[in-house]
Amino acid sequence: MIGLIGGTGIDKIKDVEILRQNDINTPYGRPSEKLSFLSYDKHEFIFLPRHGESHSIPPHKINYRANIWALKKLGVELVFSIATVGAIDRKVKPGDIVIPDQIIDYTYGREHTFFDGDLKPVEHIDFTYPFSEELRLKVINFAKKNKISLIESGTYAAVQGPRLESAAEIDRYEKDGASIVGMTCMPEAALAKELGLEYFVICPAVNYAAGRADSKTELSHETIVANSEKIMTKVFNLFINFLRNNGD
Ligand code: HPA
């Protein structure tokens, strides 16, 4: 079963059949929203909007553990995650879609592991390559065949939010090697790996990062939301193809 985690601009999805919803509870509390079993073209998947359906949960308050645990419990094996980002690298522009292959985690104070001694013995997972290379390549190859342009690699700087960054912070992330910046991919990616899920993320760039190009002097949340909505059709098409080619 495929799980789709949606972010800004994809809190609700249209043109799909709702089969049922599951208001699951977990040992870590409630997920962001009821998990929806949806069907598109006879292919079933589970959808979870990480900010809740009314987009009311800020990145640092998302119960990432409950979200990932619930997906696993309901039978998800492959996770297609969508997370909007700001563009740090000059090669990335708003409207581009990046499939990152690396992460630098700058978040703090988030419940970030299942191995905290409560319910499981401690295990130190390998995180050399945070994302499923197999799933990344599937989407990259489909995009190539269909002449959909993608940026095939990149380093995602995971920041705490909910405020946007200062220009100096963005300069620092760039020096560290990050090409894009977002608030939600961690601890989500690590938790998915801890539970043995195949996980990767698609990152639509929706703005220049703070201090860069159009965001030189100011960056508004409204710009981010408006651009996120514009790009989601393209992202959703990638998802539909992924769904068709991975069965259920
Ligand atoms: N910074 C952090 N998170 C984001 C941004 C950004 O510029 N754009 C979309 N999510």
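This note goes through the cores, the ligand site, the cysteines and some backbone details of a predicted model.

1. **Ground rules.** The model is predicted, so local features need pLDDT of at least 70 and side-chain atom pairs count only at pLDDT 80 or more, while totals for chains, interfaces and linings use all residues. Residues are numbered from 1 along each chain as its sequence is written, and side-chain values use heavy atoms, with hydrogens and water left out.

2. **Main core.** The largest nonpolar core has 72 residues. A nonpolar core here is a set of buried Ala, Val, Leu, Ile, Met, Phe, Trp, Tyr and Cys residues joined through side-chain atoms within 4.5 Å. Buried means under 20% relative accessible area, exposed means over 50%, and partly exposed is in between (1.4 Å probe, protein chains only). The residues with the most contacts inside this core are Phe45, Ile68, Phe80, Val139, Phe200, Ile202 and Phe239. Helix 5 (residues 221–246) gives the largest share, 10 residues. Helices (H or I, at least four residues) and strands (E, at least two) are DSSP runs, numbered from the N terminus. In soluble globular proteins, nonpolar side chains tend to be buried together.

3. **Second core.** A separate core of 11 residues is also present. Its members include Ala157, Tyr173, Val181 and Met183.

4. **Phe80.** This residue sits in strand 5 (residues 78–82). Phe80 counts as buried because its relative accessible area is 0%. Leaving aside neighbours within four places in sequence, Phe80 is in contact (heavy atoms within 4.5 Å) with Gly3, Leu4, Ile5, Val139, Phe200, Ile202, Leu238, Phe239 and Phe242. Gly6 is 74 residues from Phe80 in sequence, yet their C-alpha atoms are 8.7 Å apart.

5. **Ile202.** Strand 11 holds Ile202. Its relative accessible area is 0%, so Ile202 is buried. Among the residues it touches, not counting those up to four places away in sequence, are Phe80, Ile82, Ile97, Ile99, Val139, Val235 and Leu238. Ile97 lies 105 residues away from Ile202 in sequence, with 6.9 Å between the C-alpha atoms.

6. **Ligand site.** Which residues surround the ligand? They are Thr84, Val85, Gly86, Leu164, Glu165, Val181, Gly182, Met183, Val206, Asn207, Leu219 and Ile224. A side-chain N or O atom of Glu165 is 2.8 Å from a ligand nitrogen. A polar backbone atom of Gly86 is 3.3 Å from a nitrogen of the ligand. For a backbone N or O atom of Thr84, the distance to a ligand nitrogen is 3.4 Å. Taken alone the ligand exposes 260 Å², and the protein buries 94% of that. These areas come from the Shrake-Rupley method with a 1.4 Å probe; for residues, only the protein chains shown count as cover. Strand 6 (85–87), strand 10 (180–182) and strand 11 (198–208) each give two or more residues to the shell around the ligand.

7. **Cysteines.** Cys185 is buried, at 0% relative accessibility. Cys203 is likewise buried, at 0%.

8. **Ser32.** This serine lies in the loop between strand 2 (17–22) and strand 3 (35–40). Ser32 is buried, with a relative accessible area of 11%. A polar atom of the Ser32 side chain is 2.7 Å from the backbone oxygen of Arg50. Beyond four places in sequence, Ser32 has contacts including Leu48, Pro49, Arg50 and Asn67.

9. **Cis peptides.** Gly161 and Pro162 are joined by a cis peptide bond, with omega about 0°. Pro162 is in the loop between strand 9 (155–158) and helix 3 (167–176). Another cis bond joins Met186 and Pro187, with omega about 10°. Pro187 belongs to helix 4 (residues 185–194).

10. **Positive phi.** Asp41, a residue other than glycine, has a positive phi near 55°. Asp41 is in the loop between strand 3 and strand 4 (43–49), and is partly exposed at 47%. His55 also has a positive phi, near 50°. His55 lies in the loop between strand 4 and helix 1 (64–73), and is partly exposed at 29%.

Methods:
Near = heavy atom within 4 Å. Polar contact = N/O pair within 3.5 Å; in protein donor to acceptor, adjacent residues only side chain to side chain.
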